[in-house]
Amino acid sequence: MKKFFSLLLLLSSCFQLFANEPDSVYLFSYATTKNAGHNGLHFAWSMDGKNWKAIGPEFGFVSSDFGAWGSQKRMLTPYLTKGGDGLWHAVWSLNETEPSIAHAASADLVHWKRQSYPVVSKGNCVNPEIRFDGNSQQFALTWENSADKKIVGCETNDFKTYTPSHSINMTDRKNDRQTVELPEGTSTGLVHRVAWSQVSLLLKTVESKRYWETLNAERTTDDAVRFANLRPLEVGLHIQTGSSKSISDLLTGVFFEDINYSADGGLYAELIENRDFEYTLSDKDGRDKKWISSHSWSLEGSGSTFTIDTVSPIHSNNPHFAVLNTTQVGAGLVNSGWEGIVLKKGEKYDLSLFAKQLSGKSGGVSVSLIGKDGSVLAQTSTGGFSQAWKKWNFVLTSNADVTDAKLRIKPLATGVLALDMISLFPQNTFMGRKNGLRKDLAEVIADIHPKFIRFPGGCVSHGDGLDNIYRWKNTIGPLEARKPMRNIWNYHQTLGLGYQEFFQYCEDIGAQPLPVIAAGVPCQNSHNGGPGQQGGIPMCDMNQYVQDILDLVEWANGDAKTTKWGKIRAQNGHPKPFNLKYVGIGNEDLITDIFEERFTMIFKAMKEKHPEITVIGTVGPFYEGTDYDEGWALASKLQVPMVDEHYYESPGWFINHQDFYDKYDRTKSKVYLGEYAAHLPGRPNNLETALAEALYMTTLERNGDVVSMASYAPMLAKEGNTQWTPDMIYFNNSEVKPTTGYQVQKLYGQNSGDQYVTNNLSVPSSDEKVLKRIATSVVRDSKTGDLIVKMVNLLPISVKIQVTLDAFGNLAAQAERTVLTGKPDGRNLKPVVDNIVTGPNFPCELPAYSFTLIRLKQIVN
Ligand code: AHR
């Protein structure tokens, strides 16, 4: 009875509180100049318009997404007003110089629609204002042009089309910004009168965000405290062998991007750095004065000069070449590879170079591989050169094992000669392919048994500015005719590893090729050739751009005899079609009108001309927010078959979002989780991150009817050359170092299924914290009939598990068990394999912090 009265008291006090809430209050909208204006739109509220309480504070309800990270993405002097359409409209100034204004709208001030940045001014746009005219249903936009101190304005009905800008009288400005005293200091902004429910929603939004931040911050370093009272656990896993659903058989794939020197100097087996003399200052945005055509090359000895020329190159796509002017024979042009050339004793190397004699005697050159001590490891020489470019090919055999050899090219006569495309490849590439891949790296990737390979990125796909968009046609055919380009990660791409090689590798390892192509817009964080996505490919050039994408399908799949691009593929050495089925359009783009127009054009053309291809759209860089919402809305509108989701989050996020896809509508687009990884502070790839991923991957399998593909990102990273961590596989010139996270990907890749088998885990605990740390998934591979049980234990104690199978059928009683375990901070861990006795009912122990996989093989009679 006592309890009942206290409950009544509590309810009545709640009711009173509720009843005493005001109908309306003051709401102050503003931005601060903290963090150079990057913090977005803030709110504060007040009962009397004098005493203000900040909501957050510094909580950004919407942030600017204009231009590059760092210097851009600023929101200055926002102006917020309500339009006749019932929406709140915000405009703001982007920076001190931009002739554009930014606009975004929201119904509730929490969920914001796509942003736009129309170019409306000849000068800059400072202190923008909006006035809504109820009669004309028009918005009048005005701003100050700080250069000539003039007030300028234009009108719009919809924030999509604008009248030409014109001068405005100062008196036509509202000038209604106010400066108020907030707890953290004075701020200037707009005061509005709003319903209390509006403020309540804003407060709850911050509260909910903070709640999730706390949950997502969950770390194993806190486990001693978090699980201080944890008792030994005995759990049950009931596998309903007869109940299953079909899931994607492409779930685990890999994401290849030329980031962290993954291609040149990495997977691409070329041993000569800057073989084409095409390094240029702009590759590194001018930040490295030595990053020029002669980079990695030097002249050793005397009697010659080494210069770079561009007159009559081998191909206009490859304009720079080396010129050696020799007055006295003796000097040699030296390249030390990617900080040393690795050679193996007795192995053969393909050396090639283009040369021509510009003047003087044509004595040719000697070519040597030399050790650090000057010893000659292999040597050959050309004959005399003619005055036209000619390609020379040799095979060199190394007489020693070295990791720091150099290549030396020595003119054998006085005179002036030109050299270009100086290349050295091991013959021992992956599957012995010419212009091939580094064997050890390609094998480690192949070991994952990836069902697909995404390429060429990530951000590399859409590039830093329009000129940097990756164009597949520049990446096929003879190497000297390919068009090298700046890599968005600030180095150089020879494109020797191009579409031709990516498709070949996919074929070699039985993975579906998944090219991802820019949606006619560059990366929203671009800073080259205009900020961000401004502009996109001009619409007058879009027909050709769309045609290039259609041509890709023809190049990959067209008949070698009857189609133009099929013929080209055959000429390039691959008469058989590659059987392309999936094409990604766009990479985590900002979803704007500019994007939508171009994406729609590409999507419709693909649907019409190639309905057999599954087009994968894009829904932004995060698991929520404007691009996610707008991307999904667009995909639903166009009925895009699949969308590419990206999220890099804390292990705690993965632990606390295991139901993420359980809630997905099965009638909408399928999901390609194209980029994901668990990120801890310091960005290690360790057991903690790997187990968070393994745990989450059980949910991907469970939701394999809606999640069709997933790829950890990024995949490769060359030690000492990383732009992004963590990665899945680290390497240097001679070693490959798979991470703990790699082992998880490999176990999933090698143990995939196409049927998800119903399985129920019963844990004798009601503690959510405990329940979220154990996850299981059971799949069946219909090709082999094998049943695969995956179990993740992220608890600090081992867990006894009793596995029950409804029907054991013709499964072998001896099963292979693989266990990956160690300390949460353990890096480069390897799983241990043993055999266990199973049966319809069998016990198993899951060590603390472990991933256990049991493969029950079907007995074939
Ligand atoms: O995976 C690294 C980068 O992360 C990708 O290039 C980009 O798409 C994402 O932001």
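1. Ground rules. This is a predicted model, where local features need pLDDT of at least 70, side-chain atom pairs count only at pLDDT 80 or more, and totals for chains, interfaces and linings use all residues. Numbering runs from 1 along each chain as its sequence is written, and side-chain values use heavy atoms, with hydrogens and water left out.

2. Salt bridges. A search of the whole structure turns up 41 of them, a salt bridge being a side-chain nitrogen of Lys or Arg within 4 Å of a carboxyl oxygen of Asp or Glu. Have a look at Asp65 and Lys73, whose side chains meet at 2.8 Å, N to O. Asp65 is buried at 17% relative accessible area, and Lys73 is buried too, at 4%. (Buried means under 20% relative accessible area, exposed over 50%, partly exposed in between, with a 1.4 Å probe and protein chains only.)

3. The Asp593 bridge. Asp593 pairs with Lys160, the closest N and O atoms being 2.9 Å apart. This one ties together distant parts of the chain, 433 residues apart: Asp593 is in helix 9 (residues 593–609) and Lys160 in the loop between strand 9 (150–156) and strand 10 (166–167). Helices (H or I, at least four residues) and strands (E, at least two) are DSSP runs numbered from the N terminus. Asp593 is partly exposed at 28%, while Lys160 is exposed at 54%.

4. Helix 7 against helix 9. Helix 7 (residues 539–557) packs on helix 9 at about 40°, with the axes 10 Å apart; axes are lines fitted to C-alpha atoms, for helices over the stretch in contact, and angles run from 0 to 180 degrees between N-to-C directions. The two are therefore oblique, as angles under 35 degrees count as roughly parallel, over 145 as roughly antiparallel, 65 to 115 as roughly perpendicular and the rest as oblique. Residues making the contact (heavy atoms within 4.5 Å) include Met542, Tyr545 and Ile549 of helix 7 and Met601, Ile602 and Ala605 of helix 9.

5. Asn686. Is this residue buried or exposed? Asn686 is buried, at 5% relative accessible area, and sits in the loop between strand 33 (670–678) and helix 12 (687–702). Leaving aside residues up to four places away in sequence, Asn686 touches Leu680, Thr740, Pro824, Asp825, Gly826 and Arg827. A polar atom of the Asn686 side chain also lies 3.0 Å from the backbone nitrogen of Glu688.

6. Cis bonds. Most peptide bonds are trans, and most residues other than glycine have a negative phi. Here the bond from Gly56 to Pro57 is cis, with omega near -25°, and Pro57 is in the loop between strand 3 and strand 4. Phe455 and Pro456 are also joined by a cis bond, with omega about 0°; Pro456 is in the loop between strand 26 (452–455) and helix 5 (459–462).

7. Positive phi. Glu339, not a glycine, has a phi of about 55°, in the loop between strand 18 (332–335) and strand 19 (341–343). Tyr849 has a positive phi near 45°, in the loop between strand 44 (841–846) and strand 45 (850–856). Glu339 is exposed at 72%, whereas Tyr849 is buried at 9%.

Note on methods
A polar contact is a pair of N or O atoms within 3.5 Å; within protein, one must be able to donate a hydrogen and the other to accept it, and residues adjacent in sequence count only if both atoms are side-chain atoms.
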